[in-house]
Amino acid sequence: MKFFHESHGCSLAVDIVARELGIPLEIVWVDMQRKVLPDGTDLHAINPKGQVPSLQLADGQFLSEGLAIMQYLVDQCPDSDLASTARGADKYRVLEWMSFIGSDLHKGGFMPLFKKTTPPDYRPIALQHIAGRLEWLDRHLADRDYLVGDRFTIADAHCYAIVIWTKRHAIDVTPWPRLEAYMASVAARPSVRAAVEAQLVQEALEAKARAA
Amino acid sequence: MKFFHEVRGCSLAVDIVARELGVPLELIWVDVPRKLLPDGSDYYKVNPKGQVPALELPNGEYLTEGAIIMQYLADMRPDSGLCAAPGSLQRYRILEWMSFIASDLHKGGFMPLFKKTTPDDYRPLARQLVVSRMKLLDEQLADRDYLTGPVFTIADAHCYAIAMWTHYHDIDLAPWPNLSAYLDRIGKRPSVQAAKAAEREEAKRQGYEGKV
(Lines give C-alpha, C1' and ligand atoms only; values in the text may rest on other atoms or scores of the structure.)
Protein backbone atom coordinates (compact mmCIF):
# COMPACT_ATOMS: atom_id res chain seq x y z
CA MET A 1 0.00 0.00 0.00
CA LYS A 2 1.22 3.49 -0.83
CA PHE A 3 1.62 5.60 2.30
CA PHE A 4 1.88 9.38 1.94
CA HIS A 5 4.26 10.56 4.65
CA GLU A 6 6.29 13.62 5.62
CA SER A 7 9.61 14.13 7.32
CA HIS A 8 8.26 16.11 10.32
CA GLY A 9 4.69 15.01 10.82
CA CYS A 10 2.32 13.00 12.97
CA SER A 11 2.37 10.47 10.12
CA LEU A 12 5.31 9.01 12.08
CA ALA A 13 2.66 7.27 14.21
CA VAL A 14 1.29 5.36 11.22
CA ASP A 15 4.76 4.21 10.16
CA ILE A 16 5.43 3.00 13.73
CA VAL A 17 2.19 1.00 13.72
CA ALA A 18 2.88 -0.51 10.29
CA ARG A 19 6.35 -1.60 11.41
CA GLU A 20 4.94 -3.05 14.68
CA LEU A 21 2.46 -5.08 12.64
CA GLY A 22 4.95 -6.08 9.95
CA ILE A 23 2.83 -4.46 7.22
CA PRO A 24 5.12 -3.30 4.42
CA LEU A 25 4.23 0.22 3.28
CA GLU A 26 5.55 1.90 0.16
CA ILE A 27 6.45 5.30 1.62
CA VAL A 28 5.83 8.28 -0.64
CA TRP A 29 7.44 11.39 0.84
CA VAL A 30 5.34 14.51 0.32
CA ASP A 31 6.86 17.99 0.00
CA MET A 32 4.69 19.67 2.60
CA GLN A 33 6.01 23.16 1.84
CA ARG A 34 4.76 23.03 -1.74
CA LYS A 35 2.09 20.36 -1.13
CA VAL A 36 3.29 18.19 -4.02
CA LEU A 37 4.04 14.50 -4.48
CA PRO A 38 7.42 13.34 -5.85
CA ASP A 39 5.98 13.14 -9.37
CA GLY A 40 4.77 16.75 -9.15
CA THR A 41 1.08 15.90 -8.54
CA ASP A 42 -0.74 18.27 -6.20
CA LEU A 43 -1.33 16.71 -2.77
CA HIS A 44 -4.91 18.04 -2.88
CA ALA A 45 -5.62 15.58 -5.71
CA ILE A 46 -5.31 12.69 -3.28
CA ASN A 47 -6.42 14.56 -0.14
CA PRO A 48 -8.59 17.68 -0.55
CA LYS A 49 -7.56 18.69 2.98
CA GLY A 50 -3.96 19.03 1.75
CA GLN A 51 -2.75 17.00 4.71
CA VAL A 52 -0.66 13.97 5.44
CA PRO A 53 -0.91 11.08 6.34
CA SER A 54 -2.90 9.34 3.65
CA LEU A 55 -3.01 5.63 2.78
CA GLN A 56 -3.96 4.25 -0.61
CA LEU A 57 -6.18 1.20 -0.15
CA ALA A 58 -6.31 -1.88 -2.37
CA ASP A 59 -9.22 -0.52 -4.40
CA GLY A 60 -7.35 2.71 -5.13
CA GLN A 61 -9.24 4.96 -2.69
CA PHE A 62 -7.34 7.10 -0.21
CA LEU A 63 -7.92 7.03 3.55
CA SER A 64 -6.80 10.05 5.60
CA GLU A 65 -6.62 10.90 9.34
CA GLY A 66 -4.01 9.09 11.41
CA LEU A 67 -6.61 7.64 13.79
CA ALA A 68 -8.62 6.03 10.96
CA ILE A 69 -5.51 4.75 9.19
CA MET A 70 -4.04 3.22 12.35
CA GLN A 71 -7.36 1.51 13.18
CA TYR A 72 -7.50 0.21 9.59
CA LEU A 73 -3.96 -1.22 9.80
CA VAL A 74 -4.52 -2.93 13.14
CA ASP A 75 -7.76 -4.45 11.82
CA GLN A 76 -5.74 -6.12 9.05
CA CYS A 77 -3.88 -8.08 11.76
CA PRO A 78 -6.55 -9.32 14.16
CA ASP A 79 -4.20 -11.77 15.89
CA SER A 80 -1.51 -9.21 16.65
CA ASP A 81 -0.61 -7.87 20.07
CA LEU A 82 -1.71 -4.42 18.97
CA ALA A 83 -5.12 -5.79 17.95
CA SER A 84 -5.75 -7.45 21.30
CA THR A 85 -6.35 -4.00 22.84
CA ALA A 86 -7.51 -2.05 19.77
CA ARG A 87 -10.19 -4.65 19.01
CA GLY A 88 -10.89 -5.91 22.52
CA ALA A 89 -12.77 -4.74 25.60
CA ASP A 90 -10.61 -1.58 25.79
CA LYS A 91 -11.12 -0.55 22.16
CA TYR A 92 -13.07 2.59 23.07
CA ARG A 93 -10.33 3.61 25.54
CA VAL A 94 -7.75 3.36 22.73
CA LEU A 95 -9.92 5.53 20.49
CA GLU A 96 -10.67 7.91 23.39
CA TRP A 97 -6.93 8.56 23.82
CA MET A 98 -6.38 8.97 20.09
CA SER A 99 -9.27 11.44 19.80
CA PHE A 100 -7.75 13.51 22.63
CA ILE A 101 -4.24 13.31 21.14
CA GLY A 102 -5.40 14.33 17.66
CA SER A 103 -7.67 17.17 18.82
CA ASP A 104 -6.40 18.63 22.11
CA LEU A 105 -2.69 17.83 21.84
CA HIS A 106 -2.12 18.15 18.09
CA LYS A 107 -4.57 20.57 16.43
CA GLY A 108 -5.61 22.32 19.66
CA GLY A 109 -2.14 22.26 21.16
CA PHE A 110 0.96 22.14 18.96
CA MET A 111 -0.51 23.28 15.64
CA PRO A 112 -0.33 27.06 16.29
CA LEU A 113 3.38 26.67 17.16
CA PHE A 114 4.03 25.20 13.73
CA LYS A 115 2.31 27.96 11.78
CA LYS A 116 4.55 30.86 10.78
CA THR A 117 1.49 33.15 10.76
CA THR A 118 0.87 32.68 14.51
CA PRO A 119 1.52 36.04 16.21
CA PRO A 120 4.14 36.09 19.00
CA ASP A 121 1.60 36.94 21.69
CA TYR A 122 -0.33 33.72 21.01
CA ARG A 123 2.68 31.49 21.58
CA PRO A 124 2.62 31.65 25.40
CA ILE A 125 -1.08 30.71 25.32
CA ALA A 126 -0.40 27.77 22.99
CA LEU A 127 2.48 26.65 25.25
CA GLN A 128 0.20 26.85 28.27
CA HIS A 129 -2.41 24.63 26.58
CA ILE A 130 0.27 22.10 25.71
CA ALA A 131 1.69 22.14 29.24
CA GLY A 132 -1.77 21.45 30.66
CA ARG A 133 -2.19 18.45 28.37
CA LEU A 134 1.30 17.09 29.10
CA GLU A 135 0.60 17.46 32.82
CA TRP A 136 -2.54 15.35 32.38
CA LEU A 137 -0.57 12.70 30.46
CA ASP A 138 2.10 12.64 33.16
CA ARG A 139 -0.54 12.08 35.88
CA HIS A 140 -2.22 9.32 33.89
CA LEU A 141 1.12 7.54 33.44
CA ALA A 142 1.91 7.69 37.18
CA ASP A 143 0.96 4.08 37.75
CA ARG A 144 1.19 2.55 34.29
CA ASP A 145 3.61 1.92 31.45
CA TYR A 146 1.20 2.47 28.55
CA LEU A 147 -1.84 4.63 27.92
CA VAL A 148 -4.31 1.74 27.81
CA GLY A 149 -3.93 -1.67 29.42
CA ASP A 150 -0.67 -3.43 29.98
CA ARG A 151 0.89 -3.23 26.54
CA PHE A 152 1.85 -0.89 23.69
CA THR A 153 -1.10 0.12 21.52
CA ILE A 154 -1.77 2.36 18.53
CA ALA A 155 -2.62 5.09 21.07
CA ASP A 156 0.99 5.00 22.32
CA ALA A 157 2.32 5.27 18.75
CA HIS A 158 0.07 8.31 18.21
CA CYS A 159 1.05 9.88 21.54
CA TYR A 160 4.76 9.43 20.87
CA ALA A 161 4.55 11.04 17.44
CA ILE A 162 2.95 14.17 18.89
CA VAL A 163 4.77 14.51 22.21
CA ILE A 164 8.14 14.19 20.42
CA TRP A 165 7.39 17.67 19.05
CA THR A 166 8.39 19.01 22.48
CA LYS A 167 11.99 18.58 21.22
CA ARG A 168 11.28 20.56 18.07
CA HIS A 169 9.80 23.46 20.05
CA ALA A 170 12.33 23.35 22.92
CA ILE A 171 9.68 22.46 25.51
CA ASP A 172 11.40 21.11 28.61
CA VAL A 173 9.66 17.88 29.72
CA THR A 174 11.56 17.45 33.00
CA PRO A 175 8.53 18.80 34.97
CA TRP A 176 6.79 15.59 33.85
CA PRO A 177 9.11 12.71 34.81
CA ARG A 178 6.65 9.88 34.18
CA LEU A 179 5.95 11.21 30.69
CA GLU A 180 9.69 11.59 30.06
CA ALA A 181 10.30 7.96 31.11
CA TYR A 182 7.40 6.76 28.95
CA MET A 183 8.76 8.57 25.89
CA ALA A 184 12.20 7.01 26.46
CA SER A 185 10.67 3.55 26.76
CA VAL A 186 8.61 3.94 23.58
CA ALA A 187 11.61 5.41 21.73
CA ALA A 188 13.58 2.24 22.45
CA ARG A 189 11.17 0.02 20.51
CA PRO A 190 12.71 -1.23 17.24
CA SER A 191 9.67 -0.05 15.24
CA VAL A 192 10.01 3.46 16.65
CA ARG A 193 13.77 3.59 16.09
CA ALA A 194 13.29 2.54 12.48
CA ALA A 195 10.43 4.96 11.80
CA VAL A 196 12.28 7.90 13.40
CA GLU A 197 15.42 7.00 11.42
CA ALA A 198 13.42 6.99 8.17
CA GLN A 199 12.13 10.52 8.93
CA LEU A 200 15.62 11.77 9.84
CA VAL A 201 17.09 10.38 6.60
CA GLN A 202 14.34 12.09 4.60
CA GLU A 203 14.79 15.35 6.50
CA ALA A 204 18.52 15.30 5.68
CA LEU A 205 17.76 14.64 2.00
CA GLU A 206 15.33 17.56 1.93
CA ALA A 207 17.86 19.87 3.61
CA LYS A 208 20.48 18.85 1.05
CA ALA A 209 18.07 19.46 -1.84
CA ARG A 210 17.22 22.93 -0.49
CA ALA A 211 20.90 23.82 -0.12
CA ALA A 212 21.69 22.71 -3.67
CA MET B 1 -26.97 6.21 31.46
CA LYS B 2 -25.85 9.51 32.96
CA PHE B 3 -24.65 11.91 30.29
CA PHE B 4 -22.66 14.99 31.28
CA HIS B 5 -23.74 17.81 28.99
CA GLU B 6 -23.42 21.57 28.55
CA VAL B 7 -25.18 24.39 26.75
CA ARG B 8 -23.48 25.41 23.43
CA GLY B 9 -21.17 22.42 23.59
CA CYS B 10 -20.22 19.73 21.11
CA SER B 11 -22.07 17.42 23.52
CA LEU B 12 -25.20 18.37 21.54
CA ALA B 13 -24.01 15.85 18.92
CA VAL B 14 -24.11 13.01 21.44
CA ASP B 15 -27.64 13.92 22.56
CA ILE B 16 -28.75 13.99 18.91
CA VAL B 17 -27.27 10.51 18.36
CA ALA B 18 -28.85 9.09 21.52
CA ARG B 19 -32.26 10.39 20.45
CA GLU B 20 -31.78 8.99 16.92
CA LEU B 21 -30.95 5.58 18.44
CA GLY B 22 -33.70 5.65 21.06
CA VAL B 23 -31.09 5.22 23.83
CA PRO B 24 -32.41 7.11 26.87
CA LEU B 25 -29.84 9.39 28.52
CA GLU B 26 -30.15 11.10 31.88
CA LEU B 27 -28.88 14.60 31.06
CA ILE B 28 -26.67 16.14 33.74
CA TRP B 29 -25.86 19.78 33.03
CA VAL B 30 -22.32 20.64 34.12
CA ASP B 31 -21.18 24.07 35.29
CA VAL B 32 -18.11 23.98 33.07
CA PRO B 33 -16.44 27.25 34.15
CA ARG B 34 -16.51 26.11 37.79
CA LYS B 35 -16.25 22.35 37.02
CA LEU B 36 -19.21 21.55 39.26
CA LEU B 37 -22.11 19.12 38.99
CA PRO B 38 -25.65 20.16 39.94
CA ASP B 39 -25.21 18.56 43.37
CA GLY B 40 -22.14 20.72 43.97
CA SER B 41 -19.66 17.87 43.56
CA ASP B 42 -16.40 18.14 41.63
CA TYR B 43 -16.67 17.40 37.91
CA TYR B 44 -12.95 16.54 37.74
CA LYS B 45 -13.90 13.28 39.49
CA VAL B 46 -15.94 12.40 36.39
CA ASN B 47 -13.45 13.75 33.83
CA PRO B 48 -9.96 14.73 34.98
CA LYS B 49 -9.65 16.72 31.74
CA GLY B 50 -12.51 18.92 33.02
CA GLN B 51 -14.24 18.71 29.64
CA VAL B 52 -17.75 17.82 28.53
CA PRO B 53 -19.12 15.43 27.29
CA ALA B 54 -18.70 12.33 29.43
CA LEU B 55 -20.87 9.21 29.61
CA GLU B 56 -21.24 7.01 32.68
CA LEU B 57 -20.85 3.41 31.53
CA PRO B 58 -22.72 0.44 33.08
CA ASN B 59 -19.55 -0.53 35.00
CA GLY B 60 -19.41 2.91 36.65
CA GLU B 61 -16.46 4.19 34.61
CA TYR B 62 -16.70 7.31 32.49
CA LEU B 63 -16.09 7.52 28.75
CA THR B 64 -15.01 10.89 27.32
CA GLU B 65 -14.43 12.38 23.83
CA GLY B 66 -17.67 13.05 21.93
CA ALA B 67 -16.63 11.19 18.78
CA ILE B 68 -15.94 8.04 20.76
CA ILE B 69 -19.05 8.27 22.94
CA MET B 70 -21.11 8.47 19.74
CA GLN B 71 -19.46 5.30 18.39
CA TYR B 72 -20.05 3.50 21.67
CA LEU B 73 -23.76 4.42 21.64
CA ALA B 74 -24.22 3.54 17.96
CA ASP B 75 -22.53 0.17 18.49
CA MET B 76 -25.25 -0.62 21.06
CA ARG B 77 -27.72 -0.54 18.15
CA PRO B 78 -25.82 -2.02 15.20
CA ASP B 79 -28.95 -2.25 13.05
CA SER B 80 -29.70 1.46 13.35
CA GLY B 81 -27.67 2.38 10.27
CA LEU B 82 -26.17 5.32 12.18
CA CYS B 83 -22.68 3.84 12.19
CA ALA B 84 -21.41 1.15 9.86
CA ALA B 85 -20.05 -2.18 11.05
CA PRO B 86 -16.49 -2.22 12.40
CA GLY B 87 -14.06 -3.26 9.66
CA SER B 88 -16.16 -1.91 6.80
CA LEU B 89 -14.82 0.89 4.61
CA GLN B 90 -17.84 2.98 5.60
CA ARG B 91 -16.78 2.67 9.25
CA TYR B 92 -13.29 4.00 8.45
CA ARG B 93 -14.85 6.88 6.53
CA ILE B 94 -16.93 7.73 9.60
CA LEU B 95 -13.79 7.56 11.81
CA GLU B 96 -11.98 9.71 9.25
CA TRP B 97 -14.67 12.41 9.25
CA MET B 98 -15.06 12.49 13.02
CA SER B 99 -11.29 12.73 13.54
CA PHE B 100 -11.22 15.73 11.20
CA ILE B 101 -14.26 17.35 12.86
CA ALA B 102 -12.84 16.96 16.39
CA SER B 103 -9.32 18.09 15.51
CA ASP B 104 -9.43 20.52 12.59
CA LEU B 105 -12.94 21.89 12.98
CA HIS B 106 -13.34 21.95 16.76
CA LYS B 107 -10.03 22.13 18.66
CA GLY B 108 -7.94 23.43 15.74
CA GLY B 109 -10.71 25.64 14.38
CA PHE B 110 -13.42 27.09 16.59
CA MET B 111 -11.79 26.61 19.99
CA PRO B 112 -9.63 29.76 19.98
CA LEU B 113 -12.71 31.82 19.01
CA PHE B 114 -14.50 30.59 22.15
CA LYS B 115 -11.66 31.34 24.55
CA LYS B 116 -11.69 34.78 26.17
CA THR B 117 -7.88 34.61 26.52
CA THR B 118 -7.34 34.50 22.73
CA PRO B 119 -5.58 37.76 21.76
CA ASP B 120 -7.28 40.05 19.23
CA ASP B 121 -4.51 39.62 16.66
CA TYR B 122 -5.05 35.84 16.60
CA ARG B 123 -8.81 35.98 16.09
CA PRO B 124 -8.74 36.83 12.36
CA LEU B 125 -6.38 33.89 11.77
CA ALA B 126 -8.64 31.56 13.73
CA ARG B 127 -11.67 32.79 11.76
CA GLN B 128 -9.81 32.26 8.49
CA LEU B 129 -9.03 28.65 9.47
CA VAL B 130 -12.73 28.06 10.24
CA VAL B 131 -13.75 29.66 6.93
CA SER B 132 -11.36 27.41 4.99
CA ARG B 133 -12.83 24.33 6.71
CA MET B 134 -16.40 25.43 5.94
CA LYS B 135 -15.35 25.81 2.28
CA LEU B 136 -13.91 22.28 2.32
CA LEU B 137 -17.13 20.89 3.81
CA ASP B 138 -19.17 22.76 1.19
CA GLU B 139 -17.07 21.25 -1.63
CA GLN B 140 -17.36 17.75 -0.16
CA LEU B 141 -21.16 18.09 0.10
CA ALA B 142 -21.58 19.14 -3.54
CA ASP B 143 -22.36 15.60 -4.68
CA ARG B 144 -23.91 13.98 -1.60
CA ASP B 145 -26.60 14.53 1.00
CA TYR B 146 -24.45 13.49 3.97
CA LEU B 147 -20.74 13.31 4.67
CA THR B 148 -20.34 9.61 3.88
CA GLY B 149 -23.01 9.35 1.19
CA PRO B 150 -26.82 9.09 1.12
CA VAL B 151 -27.28 8.10 4.77
CA PHE B 152 -27.22 10.25 7.95
CA THR B 153 -24.58 8.91 10.35
CA ILE B 154 -22.98 9.88 13.64
CA ALA B 155 -20.43 11.86 11.60
CA ASP B 156 -23.24 14.17 10.47
CA ALA B 157 -24.53 14.67 14.02
CA HIS B 158 -20.98 15.63 15.00
CA CYS B 159 -20.52 17.93 12.01
CA TYR B 160 -23.88 19.63 12.62
CA ALA B 161 -23.09 20.44 16.25
CA ILE B 162 -19.74 22.01 15.36
CA ALA B 163 -20.60 23.73 12.06
CA MET B 164 -23.61 25.43 13.69
CA TRP B 165 -21.12 27.34 15.85
CA THR B 166 -20.78 29.64 12.81
CA HIS B 167 -23.98 31.23 14.16
CA TYR B 168 -22.40 31.90 17.57
CA HIS B 169 -19.46 33.66 15.90
CA ASP B 170 -21.40 35.57 13.22
CA ILE B 171 -19.82 33.64 10.36
CA ASP B 172 -22.25 33.91 7.44
CA LEU B 173 -22.97 30.58 5.71
CA ALA B 174 -24.15 32.24 2.46
CA PRO B 175 -20.83 31.55 0.63
CA TRP B 176 -21.43 27.80 1.11
CA PRO B 177 -24.83 26.77 -0.30
CA ASN B 178 -24.25 22.99 -0.06
CA LEU B 179 -23.23 23.26 3.58
CA SER B 180 -26.13 25.60 4.31
CA ALA B 181 -28.67 23.21 2.76
CA TYR B 182 -27.06 20.26 4.62
CA LEU B 183 -27.34 22.02 8.00
CA ASP B 184 -30.96 23.03 7.28
CA ARG B 185 -31.80 19.45 6.33
CA ILE B 186 -30.27 18.04 9.52
CA GLY B 187 -31.83 20.79 11.61
CA LYS B 188 -35.28 19.51 10.65
CA ARG B 189 -34.68 16.01 12.08
CA PRO B 190 -36.89 15.37 15.15
CA SER B 191 -33.84 14.23 17.16
CA VAL B 192 -32.10 17.54 16.48
CA GLN B 193 -35.20 19.60 17.29
CA ALA B 194 -35.61 17.71 20.58
CA ALA B 195 -31.93 18.02 21.52
CA LYS B 196 -31.95 21.77 20.76
CA ALA B 197 -35.17 22.19 22.77
CA ALA B 198 -33.54 20.52 25.80
CA GLU B 199 -30.46 22.71 25.41
CA ARG B 200 -32.51 25.93 25.13
CA GLU B 201 -34.61 24.97 28.13
CA GLU B 202 -31.46 24.53 30.20
CA ALA B 203 -30.02 27.82 28.88
CA LYS B 204 -33.23 29.58 29.94
CA ARG B 205 -33.11 27.91 33.37
CA GLN B 206 -29.53 29.16 33.78
CA GLY B 207 -30.55 32.66 32.69
CA TYR B 208 -28.10 32.49 29.79
CA GLU B 209 -28.72 35.40 27.43
CA GLY B 210 -26.47 34.62 24.45
CA LYS B 211 -27.29 32.69 21.25
CA VAL B 212 -28.19 29.01 21.69
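Within chain B, 14 residues of domain 1 are in contact with 13 residues of domain 2, contact being defined as C-beta atoms, placed from the backbone, that lie within 7 Å. Helix H1 (11-21), helix H2 (66-76) and helix H8 (190-206) of chain B each supply at least two residues of the side of domain 1 that touches domain 2. Helices (H or I, at least four residues) and strands (E, at least two) are DSSP runs, numbered from the N terminus. H2(B) gives the largest share of that side of domain 1 of chain B, five residues. Sorted by class, the side of domain 1 of chain B facing domain 2 has nine nonpolar, four polar and one charged residues. Here Ala, Val, Leu, Ile, Met, Phe, Trp, Tyr, Cys and Pro count as nonpolar, Asp, Glu, Lys and Arg as charged, and the others, Gly among them, as polar.

The domain assignment of chain B places 2-80 + 191-206 in domain 1 and 89-189 in domain 2; such bounds come from an automatic or database domain assignment. Taken over C-alpha atoms, the centres of the two domains of chain B are separated by 20 Å.

This is a predicted model, in which local features need pLDDT of at least 70 and side-chain atom pairs count only at pLDDT 80 or more, while totals for chains, interfaces and linings use all residues. Residues are numbered from 1 along each chain as its sequence is written, and chains are lettered from A and ligands numbered from 1 in the order in which they are written.

The contact between the chains takes 29 residues from chain B and 28 residues from chain A. On the chain B side, strand S4 (62-64), H2, helix H3 (89-114) and helix H4 (123-140) each supply at least two residues. The largest share of this side of chain B, twelve residues, comes from H3(B). Its classes are 14 nonpolar, eight polar and seven charged residues.

Chain A has nine helices and four strands, arranged along the sequence as β-α-β-β-β-α-α-α-α-α-α-α-α. Of its 212 residues, 43% count as buried, meaning that 20 or more other C-beta atoms, placed from the backbone, lie within 10 Å of the residue's own. In H4(A), 20 of the 24 residues are buried. Helix H4 of chain A (residues 91-114) also has a kink of about 40°, centred on A:His106; the bend at a residue is the angle between axes fitted to the seven residues ending there and the seven starting there.

Methods. Buried ≥ 20, exposed ≤ 12 C-beta atoms within 10 Å, placed from the backbone. Contact = placed C-beta atoms within 7 Å.
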